[in-house]
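Here is a colleague's note to read beside the model. Work through the points in order, and keep the structure in view.

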Amino acid sequence: MREAENLAFALDRRLLRHAFERAAPYYDHAAVVQREIGNRLLERLDLLKLKPAVVVDLGCGTGAVTALLIKKYRQARIIGLELAPAMVASARKRAPWLRTLHGAVAEPEALPLANASCDLIFSNLALQWCTDLELVFAEFRRVLKPGGALLFSTLGPDTLLELRQSWRVADYYNHVNAFFDMHDIGDALIRARLAEPVMDVERLTLTYSKLDQLMRDLKSLGAANITAGRPRGLAGKARWQAMRGHYEQFRRADGLLPVSCEVIYGHAWGPM
């Protein structure tokens with residue numbers, strides 16, 4: 001059991017970058033939840049009362065939320081970082097008139113930024129693709145200026161719970177990526193010596209009339225199964241039918257299929 005859990009957390013970074021690259025043209029159509037959670041994360045910035053000179057948007061995607069950051073902090077230099085070049089290119093095009101988004105392809109574990117160079121790191125639904133949170137948070141601490149802020153959202157383990165349970169009926173492979181829980185993330189923040197970490201969680205339920213719509217959206221978002229324990233071939237017809245049959249047990253009285261989404265929010269401060 002422990003080995004299966006480890007395989008669910010082990011991600012193929014090359015495949016992840018390739019999935020995001022292919023998803024870039026279709027991402028905006030499917031990224032409804034990403035934009036909604038991004039907007040909620042932006043609202044939390046109002047509580048921090050910041051006047052940052054340099055803002056990093058880690059996991060900027062195609063730039064929908066990044067463009068709002070540019071408008072919010074009109075005097076700041078905004079840097080958008082993403083794994084896939086196509087995503088970065090789309091984000092740059094989204095910058096408002098007469099403003100520049102400084103986009104770059106980057107891994108969260110090795111940020112292309114100088115020590116103590118950033119006032120704010122903003123990250124909306126990107127950390128769930130990181131397997132070594134302590135290394136990522138250590139990078140955040142390195143690049144934050146004294147008193148700089150970190151604000152992020154990520155996904156918790158109850159996300160896609162129905163899909164995960166349904167695949168378990170079909171076979172023993174990993175079909176859904178695993179996600180760290182709030183306590184693990186909080187502990188990683190503390191070990192990275194980021195100051196005054198605060199965490200909270202929100203649970204959302206999405207609905208679909210057909211399971212195929214969910215599967216198409218996941219593909220459009222680049223949220224492919226890239227775990228080490230994934231099946232290496234196509235799932236057979238019998239396994240697909242077993243998974244679909246089990247998912248039907250979740251169908252609600254209104255005829256819709258639920259999709260659980262556990263959203264974890266966190267913020268912390270850089271070294272004082």
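**Notes on salt bridges, confidence and helix packing**

1. Start with Arg203. At 54% relative accessibility, Arg203 counts as exposed, because the cut-off for exposed is over 50%. Keep in mind that this is a predicted model. Every value below is computed from it.

2. Which residue does Arg203 meet in a salt bridge? The partner is Asp158, with N and O 3.6 Å apart. This pair links distant parts of the chain, 45 residues apart. Asp158 sits in the loop between β5 and α8 (161-170). Arg203 belongs to strand β6 (residues 195-208). Asp158 has 30% relative accessibility, so Asp158 counts as partly exposed.

3. Some salt bridges share partners. Arg13, Arg17 and Glu107 are joined in this way into one network. Find these three residues in the model and look at them together.

4. Now take Lys145 and Asp119. They form a salt bridge, and their closest N and O atoms are 3.2 Å apart. Lys145 lies in strand β5 (residues 144-155), and Asp119 lies in strand β4 (residues 118-124). The pair therefore ties together parts that are 26 residues apart in sequence. Are the two residues buried or exposed? Lys145 is partly exposed, at 25% relative accessibility. Asp119 is buried, at 18%. The cut-off for buried is under 20%.

5. Arg40 and Glu36 show a pairing inside a helix. Their side chains meet in a salt bridge of 2.7 Å, N to O. Both belong to helix α4 (residues 32-45). They are four residues apart there, so about one helical turn separates them. Arg40 is partly exposed, at 26% relative accessibility. Glu36 is partly exposed too, with a relative accessible area of 35%. The count for the model comes to 16 salt bridges.

6. How far can the model be trusted? The protein averages a pLDDT of 90. At least 70 is the score for 91% of the residues. Confidence is highest in β4, at 98. That is the strand that holds Asp119. Confidence is lowest in helix α1 (residues 2-9), with a mean of 48.

7. Look at the start of the chain with care. Over residues 1-7, pLDDT stays under 50. For this stretch the model has five contacts beyond four places in sequence. Where pLDDT is low, the predicted coordinates should not be read in detail.

8. Next comes helix packing. Two packed helices are described by the angle between their axes and the distance between the axes. Take helix α7 (residues 133-143) and helix α9 (residues 182-191). Their axes are 9 Å apart, at an angle of about 45°. That makes α7 oblique to α9. The crossing is right-handed. On the α7 side, Leu133, Glu134 and Phe137 make the contact.

9. What is the crossing angle of α8 and helix α11 (residues 237-247)? The axes cross at roughly 135° and come within 8 Å. The two helices are therefore oblique to each other. α8 passes α11 in a right-handed crossing. The α8 residues in the contact are Glu162, Leu163, Gln165, Ser166, Trp167, Val169 and Ala170. From α11 come Arg239, Trp240, Ala242, Met243, His246 and Tyr247.

Methods: Residues are numbered from 1 along each chain as its sequence is written. This is a predicted model: local features need pLDDT of at least 70, side-chain atom pairs count only at pLDDT 80 or more; totals for chains, interfaces and linings use all residues. Side-chain values use heavy atoms; hydrogens and water are left out. A salt bridge is a side-chain nitrogen of Lys or Arg within 4 Å of a carboxyl oxygen of Asp or Glu. Buried means under 20% relative accessible area, exposed over 50%, partly exposed in between (1.4 Å probe, protein chains only). pLDDT is the predictor's confidence in each residue, from 0 to 100. Contact means heavy atoms within 4.5 Å. Axes are lines fitted to C-alpha atoms, for helices over the stretch in contact, and angles run from 0 to 180 degrees between N-to-C directions. Angles under 35 degrees count as roughly parallel, over 145 as roughly antiparallel, 65 to 115 as roughly perpendicular and the rest as oblique. A crossing is left-handed if the near helix is turned anticlockwise from the far one by less than a right angle, and right-handed if clockwise.
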